[in-house]
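Hi,

Here is the structure I promised to send over.

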Amino acid sequence: MADVSAVPENLFAYSDQCTGAATELQNWIRTVLGPAIDDYENGGGLCLPLSAAYASSQVASVAAVDKEVRLVGRAFQQAGAPTARPGMKQQYLAREQDMESALRTLEQTAQHQGQVDAGTALAGTLGEHPSPDDLARVSQALDAHSGDPYFTAGFFNHLDSARIAQLLGRGSTVQALVSAYASGALSRTASANVVRVLGWLQGEDVSPQHPHITAAEQTALLKALAADSTAAANFARSLSSGQIRNLFFGLGPVLNPDLRVNLLNTLTSGEWGTRDPELAHTILAHVSSAVFADGAPELPPDELDPLLAAFTHLYTAGADQSIPPPDASNPRGWADAYGKRVGGEIAPLLRAVKSMGPESNNPLFRSMIQGGYLNVLFMPTAVLAPESVVGAIGFTAVVGALQSFAGNYDPLAEVLKEYMPDGADKHNAGRLNEVITDSAGSLMISSLISRHLVTPNDGGPPVHFTGDQQADAALLKNVLAARGHYHVGNDEHAPTVDDMIDHFIAHEATTLDKNAW
């Protein structure tokens, strides 16, 4: 989709002026035009085709469009990024898909405006310097609405960072924040305030300008977000690479040794929760830029090693969730593009792992890259694959297929041996690449089957998942094992599944050669 841009302030001004004019016109129709028409007709004049009610309804329709213009302006602020226009009204640039999503959220929120307003009103009762009694009163009121996503969004959208920090350890504040994130209605400013609070750990500074939170409160919020993939996705969407870097490399990990793992787990949950391949790609790019890009603070091997399992989960989720919908008209090109994307996405992590040398002391990571990773990575990949990619029926079927044999069958280890030589001479970075590539490649083939794009060469109908776990497991296993006997699409030069895997692996490897090794 294309990028779109606008100046929200101009849209707001247009909406306000036109809505005001429409209100004045409706008042004139009600107080002047309507009575005049009634007097004319009651005095014996001919009935007019124009009635005051009809005129008022037409003006109301125009006014509704004018109000929608304000929503569009808010959607640009929520979904877009400001461009540099010094001394001028700020212009925002956004992806069309992000705009559509933001508009849907705003329109849905507008249907719950009463709840939003009630949350806003409660926030308004909390002064700039609230007393302990004020905090207790507001916390108790918030507890009663902690599961209402629109009330909580209205509440936190009108609090600054200091008030959020003061409430975080009280009552159901953490759950209320998660609810607000899950709604999608939490503003960009409110999310930035939450991220700022996550960096205000006790002991990090002695600033009297703001309150501080404890390590336990920080942990509680991140774990609660990670437990709700929709909330985690909206949290991850809001983070810039700079914010991730500040949390990852500040004093926070010193004061709370679990911070980095908790943050990575939350971002991983967010990757699983997104239904937008481009957003999944962007989240992973922000992590890479924050932690592994040139200019990032050094992450010594003894600090990276305990994080390898969490990083592997995150990069596997990002590579899987960023798969674009299959292109039936050009399946080879689709496999090429996805291979390049995966290679580019995981290169920063593999580069870091390679710099550690051939050995890691992390037992879970070693289990993953030595073949015991399937239950850890591959099943969650299938279970949490986005329905938008594989379709509702296919999604359920893929889950069933992989749950049936994930414990004792590695679907690509058998069929990709010729592409990825096995053996003890392969160092950890190479083995880690196999883990993530196996997962992404398997999802690629599964997504093709779920869309009825894989057909046996003998002329039979396209194969498809049925929802029967054993049958679907056998189907996926057979397709991967006999990859030369199935083709993708209906073109006379349609590639085989073997060709598709070959294209994916080749372009993933080529991209890694340029960026990781």
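Let me start with Arg-163, which is buried, with a relative accessible area of 9% (buried is under 20%, exposed over 50%, partly exposed in between, with a 1.4 Å probe and protein chains only). Before I go on, some ground rules: this is a predicted model, where local features need pLDDT of at least 70 and side-chain atom pairs count only at pLDDT 80 or more, while totals for chains, interfaces and linings use all residues. Residues are numbered from 1 along each chain as its sequence is written, and side-chain values use heavy atoms, with hydrogens and water left out.

Arg-163 sits in helix α7 (residues 161–167); helices here are DSSP runs of H or I with at least four residues, strands are runs of E with at least two, and both are numbered from the N terminus. Its side chain gets to within 2.8 Å of the backbone oxygen of Glu-128. Contacts of Arg-163 beyond four places in sequence are Leu-126, Gly-127, Glu-128 and Pro-130 (contact means heavy atoms within 4.5 Å). Arg-163 also has a salt bridge to Asp-160, with the closest N and O atoms 3.5 Å apart; the term covers a side-chain nitrogen of Lys or Arg within 4 Å of a carboxyl oxygen of Asp or Glu. Asp-160 is partly exposed, at 35% relative accessible area.

The count of salt bridges comes to five. One of them joins Arg-341 and Glu-278, at 3.0 Å from N to O. Since Arg-341 lies in helix α18 and Glu-278 in helix α15, this pair ties together parts that are 63 residues apart in sequence. Then there is Asp-498 with Arg-483, at 3.1 Å from N to O. That pair links distant parts of the chain, 15 residues apart: Asp-498 is in helix α25 (residues 497–515), and Arg-483 is in the loop between α24 (469–481) and β5 (486–488). Arg-483 counts as buried at 14% relative accessibility, whereas Asp-498 is partly exposed at 23%.

Now the inside. The largest nonpolar core has 93 residues, and Phe-156 and Phe-311 have the most contacts within it (a core is a set of buried Ala, Val, Leu, Ile, Met, Phe, Trp, Tyr and Cys residues joined through side-chain atoms within 4.5 Å). Helix α18 (residues 331–355) gives the largest share of this core, nine residues. Leaving out residues up to four places away, Phe-311 touches several others, among them Phe-248, Leu-264, Val-287 and Leu-349.

Helix α11 (residues 229–238) is worth a look too. Its buried residues are Ala-231, Ala-232, Ala-233, Asn-234, Phe-235 and Ala-236, and their cover includes α8 (173–183), α9 (188–198), α10 (215–226), α14 (259–273) and α15 (277–291).

Elsewhere, Leu-11 in helix α1 (residues 8–42) is partly exposed at 21%.

Among contacts between residues at least 6 apart in sequence, 74% join residues at least 24 apart.

Cheers

Definitions and conventions:
Polar contact = N/O pair within 3.5 Å; in protein donor to acceptor, adjacent residues only side chain to side chain.
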